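Here is a short tour of one predicted model, written for someone who likes cut-offs spelled out. Please take a look at the chain before reading on.

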Amino acid sequence: MINTINQLAFKNDLDFARTLDKNDELAEYRKQFLIPKTKDGKEWIYMAGNSLGLQPVQVRQYISEELDDWATHGVEGHWLAKHPWLPYHENLTEMAARLVGAKPIEVVIMNTLTVNLHLMMVSFYRPTKERYKIIIEADAFPSDRYAVDSQATFHGFDPKTTIVALKPREGEFTLRPEDILQAIEKEGSSLALVMLGNVNYLTGQAFNMKAIADKAHSVGALAGFNLAHGAGNLHLKLHDDDVDFAVWCSYKYLNSGPGSLAGCFVHERHSNDTSLPRFAGWWGNNKAARFQMGPNFDPIPGAEGWQLSNPPIFQLAALRASMELFDKAGMANLRRKGDLLTAYLEYLLTEVGGDFFKLITPQDVTQRGSQLSIKLKSQPKDFVKLLGERGVICDFREPDIMRAAPAPMYNSFEDVYHFAKAVGEHVS
Ligand SMILES: Cc1ncc(COP(=O)(O)O)c(C=O)c1O
């Protein structure tokens, strides 16, 4: 395994990219994915795993098994299926815990992302007249902004005076870590919650969750993170970072299919806190009593107690196929390769780019994962479309950002080489 990043040693040539692939211990994982092809049969250069990950080969079999068990067992599949449906989500708990650096009691797979964010804020955003503000990024994903705004409104507060939206300094594109901490300090006793994406969806900037959680706690606030762009991307340590809650989706780096299920982390210290308000559903109830159909809610300790509904088994089966790959490869190894892939992409783009664009993702590897955000100076939408027509796939976000993310699970150094070459051909 190559484990040092020395941009000076990189070369803008195909043989060099292929040598990096030969030395890549994770290269075999690419075969576990279905890579779409162009009309003339060439594999796409797929750099959009930060938007929708590719399909693991195993997904079809895992979903088929559930279809077969349904056909064979009907309702009895809940206990007679090869992987009984009643406890199916538990098959994912330990893997999810290892993925995000948590204890099993702290994680659960359930619902979808924005739903989980609301459920977490029901419990962890409890504003008072004195302490009510929420810190978020000014360029947060719109759904996150709608969620915090609507939570403020729900509690009778005006989002305009409740939501503190952090902006980069004039002329800069990303937030300075010290400015985030200072904003927390400044809001002090009026701050109820810090709710950031741990990797900003637009800029690809990763935040230091431990520093932010510690600072939030020091002023008496709580810290929650949206890991939509961090889960399956960064090597996370949610428990040790002491964050109060986190939520993530599984259709991006976690490759479980469009609109798939989400994850949720609740720190162990909140596991048995029955004083927390929550919106409850029968799947969060004490498992032993779930089928006694009683009227009183008795939450399962830990994250599982926030479940509402019995989960969709086909979608869990798809996620299981992908999570097994993450578990086998190991997030530390994936991140090591991811850092190298991203650095190689950065190097090549800088070589080919000229004046046509600006890379706005931080160069510091501790402040980014696999995504590079490229601010295009003219006709950004057309540029991304032109690349797409050649089977070079990345995405565009308004107003002028092209996002490219080489996913260490299936992207090769050769992919990165071809991506940058295609960009170079279009800019020249
Ligand atoms: C940072 C972030 N938050 C929220 C969402 C919305 O996710 P969902 O539609 O799964 O609720 C996304 C989706 O891309 C996202 O990237």
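Residues are numbered from 1 along each chain as its sequence is written.

**Domains.** The chain splits into domain 1 (7-57 + 330-427) and domain 2 (87-327), with bounds that come from an automatic or database domain assignment. Taken over C-alpha atoms, the domain centres are 28 Å apart. Contact (C-beta atoms, placed from the backbone, within 7 Å) links 27 residues of domain 1 with 25 residues of domain 2. On the domain 1 side, strand 3 (55-56), helix 12 (331-353) and strand 12 (372-376) each give two or more residues, and helix 12 gives the most, with 3 residues. Helices (H or I, at least four residues) and strands (E, at least two) are DSSP runs, numbered from the N terminus.

**Helix 6.** Helix 6 (residues 142-154) has 13 residues and reaches 18 Å from its first C-alpha to its last, close to the 18 Å expected at 1.5 Å a residue; that expected span is 1.5 Å times one less than the number of residues. Its buried residues are D144, A147, V148, Q151 and A152. They share one side of helix 6 because they cover an arc of only 130° around the axis, taken from the directions from the helix axis to the C-beta atoms. P142 and T153, on the other side, are exposed. Buried means 20 or more other C-beta atoms within 10 Å of the residue's own, exposed 12 or fewer, and partly exposed in between, with C-beta atoms placed from the backbone.

**Backbone.** Most residues other than glycine have a negative phi, and most peptide bonds are trans.

| Residue | Phi | C-beta neighbours inside 10 Å |
|---|---|---|
| D242 | near 70° | 17, partly exposed |
| M293 | near 60° | 8, exposed |

The peptide bond from E398 to P399 is cis, with omega near 0°, and P399 sits in the loop between strand 14 (395-397) and strand 15 (401-404).

Terms used. Predicted model: local features only at pLDDT ≥ 70, side-chain atom pairs only at ≥ 80, totals over all residues. Contact = placed C-beta atoms within 7 Å.
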